Structure formats: structure tokens, C-alpha cells
Amino acid sequence: MKCRICREKAIIGLPQHNLALCADHFDNWMLKRAAKAIDEFKMFTKDSKILVAVSGGKDSLALWDILTRLGYNAHGLYINLGIEENDYSNESEELSRTFANRIGKKLYVVNVKEIHGMSIPDKAYSKKRKTCSVCGVTKRYYMNKTAREGNFDVIVTGHNLDDQAAALLGNLLYWKFDYLAKGAPYSPPLWKGEFAKAKPLILCTEKENTVYCLLQGIDYIQKECPYSEGATFLRWKHILNEIEENSPGAKQAFYLGYVKYIDIFKARNIDMPDSRCEICDTPSWNEVCSFCALWDLNK
Ligand code: FES
């Protein structure tokens with residue numbers, strides 16, 4: 001297999017693009033893919049202050065690296081969830097810190113156990129709730145808080161094409177209209193003065209992000225979160241990979257087609273709440289928002 005551009009030995013085949021590339025041209029192609037998504041969906045500009053939600057995994061570290069190399073002003077946020085199995089949280093924090101030092105960028109660190117006296121799994125157990133749902137509410141709260149307090153213009157996450165296509169499949173199967181309305185690569189600020197949310201690696205696959213990290217020598221956490229094992233989400237990914245193998249490009253056509261027609265689902269979406277949580281003052285449908293209720297916070 002030869003690189004389509006220079007005819008040197010290719011290191012990756014990209015059948016969905018009818019392409020094979022050598023290391024140098026693949027590196028360049030990744031930067032272009034991210035830049036294309038940023039431009040096409042008008043995510044942000046070189047003047048924007050960007051907060052990268054970093055997990056220590058390949059996707060978020062690849063994203064931070066690519067944005068930095070493209071000349072964007074991107075800082076990181078790592079949220080330590082207190083997951084002790086396999087030393088998951090500490091190791092991913094360490095890798096995130098090492099990477100921030102390597103690129104010379106600021107990393108904000110939030111430690112849930114230090115703030116609330118309890119880890120995410122312990123909180124989930126005490127509330128008889130799923131760990132992933134407690135994790136989601138808590139991460140969302142701290143991402144928004146950090147962005148608001150740091151005057152960031154946009155929060156970016158490392159979601160890749162495989163993530164988005166799998167989420168889309170799951171949401172379509174069960175016709176989850178509220179989620180289907182929110183799967184766009186870019187969500188503008190909900191109200192004036194707030195930050196936007198964007199997924200600049202939406203045109204890149206999991207495999208491409210992995211190869212990018214290997215080529216750049218980026219050390220990332222290779223373990224999966226112990227609570228994600230057996231998740232339904234992984235089944236959707238698996239099914240889509242099988243389809244992709246027989247029909248290269250199907251995954252991208254599936255997701256980008258949905259993005260084109262997303263307004264169909266938005267028509268059914270609910271408005272933003274006009275009331276605020278009486279404890280933390282963030283927009284909320286109830287007197288107390290889901291985060292403050294979860295962590296039993298008082299005024
Ligand atoms: Fe949230 Fe695993 S990362 S539960």
C-alpha cells in the first residue's frame with residue numbers, strides 16, 4: 001500500500017476516502033480534517049478562548065494537540081472522578097498533566113472527592129443511581145462552571161465520528177427526540193454571554209485519532225473507564241463497524257446526513273428554562289438543579 005500523495009510506504013488505509021497515506025501526509029490530513037470541521041460548522045475563530053475537556057484518553061489529547069498546532073488558544077480541563085479501579089482516575093490525571101506540560105498550556109483540574117468528600121462511584125452507590133449518570137451530571141456542571149468563571153467562548157470535546165454515529169443509532173432506535181435534537185457538532189451559546197459547545201474531531205474516526213497519537217508520541221490512557229464495560233453504546237459501535245467494513249463511508253454518510261436534517265428533530269425540542277437553581281444560580285427547570293440535588297447542596 002502506497003501513499004496516494006508521495007508514493008512512499010503508506011501507514012494507514014482510509015477506504016472511506018479511497019485513500020492511503022504515509023506518516024507525514026496522514027499527520028497533515030488530520031490537521032486539515034479538524035480545520036474543515038471547525039470552518040464548516042463555524043465552531044470558533046483564532047480569537048476564541050477555548051476550553052478542552054480532557055479525559056487523558058486518545059481523543060481529547062489528540063484534539064488538544066491538533067488545536068494547539070493549528071494556532072488556537074486552547075486550555076484544558078481535567079475532572080478527577082475518584083475512580084480507583086485500575087488506578088483509572090489518578091493515571092488519567094497524570095497523563096493529562098504530563099501532556100499539558102509538554103505543550104505548555106494551562107490545565108484546570110477539578111477533584112470531585114476533594115470537593116464533595118465522595119467519589120463518583122461512591123455517590124452513585126449511595127444514591128442508588130447509575131455511575132455514568134452521576135458522572136454525566138457532575139462533569140457537565142464543572143465544565144460549565146469552569147467555562148463561565150474563566151470567560152471561555154467555547155467548550156470542546158474529543159467526540160469522534162464513531163461516538164456520534166453510535167449515539168445517533170441508539171437514539172434513533174428508541175426515537176429519543178430530545179437527544180436527537182442535540183447531536184450537532186456545534187451548539188451555539190444558549191444565551192448571551194454564555195459559551196458554545198463544539199466537537200472539532202467529528203470528521204475523524206477513533207482509529208485515526210489513535211494513529212495520530214502514536215505518530216505524535218502522545219501518551220494516553222489505554223484502559224477504558226471500568227464503568228463503561230458492556231455499555232449498550234459499545235454494541236452500537238460494533239454494529240456500525242460491521243456495516244462500515246462492507247460499505248466504507250456509511251458511518252460518515254449516516255452522521256452527516258443526520259446533521260443536515262437535524263432541524264426536523266429540533267422542532268420537537270423543549271425551550272431553555274427561564275428559572276434558575278436557587279442554590280447555584282444556573283438555569284434549571286426545578287427550584288434546585290440536578291447537580292445540587294445530587295450532591296445534597298444547600299444555600
Ligand atoms: Fe464517567 Fe466512566 S467516565 S463513569
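**Cysteines.** I looked up Cys135 first. Cys135 counts as buried because its relative accessibility is 13%; buried means under 20% relative accessible area, exposed over 50%, and partly exposed in between, with a 1.4 Å probe and protein chains only. Cys213 counts as buried too, at 0%. I then searched for disulfides, pairs of cysteine sulfur atoms within 2.5 Å. The structure holds 0 of them. For Cys213, the nearest cysteine sulfur belongs to Cys204 and is 11 Å away.

**Ground rules.** I noted that this is a predicted model, where local features need pLDDT of at least 70, side-chain atom pairs count only at pLDDT 80 or more, and totals for chains, interfaces and linings use all residues. Residues are numbered from 1 along each chain as its sequence is written, and side-chain values use heavy atoms, leaving out hydrogens and water.

**Strands.** I read helices (H or I, at least four residues) and strands (E, at least two) as DSSP runs, numbered from the N terminus. Strands pair if DSSP finds at least two bridges between them. β4 (residues 73-80) and β5 (residues 107-111) pair in the parallel sense over 5 bridges. Leu77 has Tyr108 in β5 as its bridge partner.

**Pocket.** Which helix gives the largest share of the lining of the second largest pocket? It is α10, with 6 residues.
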